[in-house]
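Hi,

Here is the structure I said I'd pass on.

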4 protein chains.
Amino acid sequence: MDVKRSYAAGRRELTKAQNRETILAAAAQVFAQLGFARTTVRDIIRATNLASGTFYNYFNSKEEVYQALRDAQALAVRPRLHQARVSAVSAEEFFTGSFRAFFGFVAKNHTEAAPASERFRMDSPQVQAGFAELRQDIEAAMARGLLPAIDAALLTAALTGVAFELAEKVKAGANVEEMTRFATALFLGGTGALSKS
Amino acid sequence: MDVKRSYAAGRRELTKAQNRETILAAAAQVFAQLGFARTTVRDIIRATNLASGTFYNYFNSKEEVYQALRDAQALAVRPRLHQARVSAVSAEEFFTGSFRAFFGFVAKNHTEAAPASERFRMDSPQVQAGFAELRQDIEAAMARGLLPAIDAALLTAALTGVAFELAEKVKAGANVEEMTRFATALFLGGTGALSKS
Amino acid sequence: MDVKRSYAAGRRELTKAQNRETILAAAAQVFAQLGFARTTVRDIIRATNLASGTFYNYFNSKEEVYQALRDAQALAVRPRLHQARVSAVSAEEFFTGSFRAFFGFVAKNHTEAAPASERFRMDSPQVQAGFAELRQDIEAAMARGLLPAIDAALLTAALTGVAFELAEKVKAGANVEEMTRFATALFLGGTGALSKS
Amino acid sequence: MDVKRSYAAGRRELTKAQNRETILAAAAQVFAQLGFARTTVRDIIRATNLASGTFYNYFNSKEEVYQALRDAQALAVRPRLHQARVSAVSAEEFFTGSFRAFFGFVAKNHTEAAPASERFRMDSPQVQAGFAELRQDIEAAMARGLLPAIDAALLTAALTGVAFELAEKVKAGANVEEMTRFATALFLGGTGALSKS
DNA sequence: TATGAATGAGGCTTCATTCAT
DNA sequence: AATGAATGAAGCCTCATTCAT
């Protein structure tokens, strides 16, 4: 019976992980199709083979699923962004590396959203941590003399705004390198000017 | 009889206009508190003294109310932005005037939003028209030689992203002039650099 | 002022009658289009130029409008049916006259109903009176020796059933004379057989 | 585990079947009391111990419930009617058997309807199939020489009209045999006359 | 742990009707 | 008498969540 149990437990573990992934994959698809607001837990369940009750063994709400998805994305993209920034030896590399990594990620990972769906951004802990990390990297770069010493909070905000706005262009098919060049030049020139003002 | 009718009509229309305003005001408050997605028509109605059915004499959905709010805002702020841009005689004036008008409007008109609520943007015709106008103004400024001839679509996106992102700082209490200076310097330097790349 | 008042009163009378007719005409059309069950008072009002409140100066519900329509129809067709029956000098004339008058009326007065609409029959007082009259005419015809002395209640029911069922064929385009011949022969032969059983 | 599952499934399905029957029984009662048009889904739910949402696990609308009821009735009565007709070796048997089966069924299965409620007929597939079957049986009987060769469509309509109209008498307490005799004689004589005209 | 039917709160909307003008 | 906006009851239906199996 011990053997049986441990075997069963092993199977169960596997199934647990699989079910979680099943739900996440279904949710990613449904969110992309309907948008977050119009998606219901039922929609997610219906996109799987699982029973409605099973959902609640893994998540407590669609918000939790959404955060898990965002966290997974952030976990996937953050190290790359961070790496691009800490290894930069010039301001140009700092910006180019960051934007290229971000736009590249967006180009690869975005799914077609419903056309008229609302645009929104939910600040999950991981996403917030991502922005905090960006700011820390900026401050570190300023300390290293890579970037001029300007207001790091505002620069973070500006970078974020431009990155997300151009990301829409990328989703619409724009070229990653062109977006990267544009954003890099904008911030290179912009931070140069800010350092003198 | 004519007098009576016109008097009656006047009274009626006054009440109607008042009710419309009542609903819009309630909706603005509830949207700010709960965010658009979590707001229901019932929430809006409950924030007024009106009966549930009355809502439908004025709007067909929360989306319609939202668009009416956005349109009203856009109508209020667009002429000012447009004016600031067409009267600019230098790139600096172009950016400074635009950002100052926008941040000033945001500082005066924003309502307290729930801190972690989703951020979203609904593209009502008026809002879209506002972006189209921005782009046309940019292109006109390029034609006038005020701005260097760079990709107007990308510049529009970047301006939009920075403006909305810094607007959050303004809502959080940041100084309008400081935000204006920062954004202006960023884009002055940025567009200068882009024109040479 | 007296003159003025009486003139006004005259106008009003006229308007009153007109409004009633307006509502009845609109109701007839809407009932035909939507069926009785799916028709609402609002639908009827919307099919007129009148205000919603005005409806209640003339009728208290759609049921009342419906009865008024049925009564008007019954009033139009009953005298003809009655006349056809009392003037009959043979059983054949009795049936032929009745059916021809009924089918002819149906052919002229039916309006296209929604295809999948429910079929229903509301027994307004006038309609009930119409059936009572049929039965009386039947009994009178039996007394005159025109019809054999069989169960008048059952004969009334059978005539009614056949008449309404064949009326559907008439509405679908069947020939009035053919339906009349068929029904007449059926009841001539049928009553003959019943008198011998 | 198999045992457990099948047991559980058995229990579940039992409850499901019971709930379905509960809803159907409640609907039959409410339809009879209020008539179809005035019945709401809520009325049906209120006539059970079930929660409002439960209704929608079984039916999507009152129309669906109604069709289920009609279909069940049609399924119950059609084979008997069909059997009575195909086994008939004379016109008299054809009519007698049909009417007796139908009136007998009505006498046993009818529920008390509100007296002045509308009478209506919804043409569910099963009901339509019932009429089609009647017509086919009639045509087959004509082919066999049992019935004279007259217009089968009109005969079907006439039989239907008389059957439903006399069924009202049965519901009101009339004797099944007497109704059967009356209807049979009517159609025996009637078809005889029609064959000669 | 998985299942999936039951639950009932709560969303949306329409409607008949009232009543101030 | 006519108007038409306001009313709120009441319909419809979906949903997140529970819980017996």
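To start with a term: a residue counts as buried if 20 or more other C-beta atoms lie within 10 Å of its own, exposed if 12 or fewer, and partly exposed in between, with C-beta atoms placed from the backbone. Helices (H or I, at least four residues) and strands (E, at least two) are DSSP runs, numbered from the N terminus.

This is a predicted model, where local features need pLDDT of at least 70, side-chain atom pairs count only at pLDDT 80 or more, and totals for chains, interfaces and linings use all residues. Residues are numbered from 1 along each chain as its sequence is written, while chains are lettered from A and ligands numbered from 1 in the order in which they are written.

On confidence (pLDDT, the predictor's own score for each residue, from 0 to 100), chain A averages 84.

Now helix H7 of chain A, residues 152-171: its buried residues include A:Leu154, A:Leu155, A:Glu165 and A:Val170. Just after this helix, A:Gly173 has a positive phi of about 110 degrees.

B:Ala107 is partly exposed, because it has 16 other C-beta atoms within 10 Å. Beyond its neighbours within four places in sequence, B:Ala107 is in contact (C-beta atoms, placed from the backbone, within 7 Å) with B:Val170 and B:Val176. Among the buried residues of H5(B) are B:Phe103 and B:Val106.

Cheers

Technical notes. Two residues are in contact if their C-beta atoms, placed from the backbone, lie within 7 Å.
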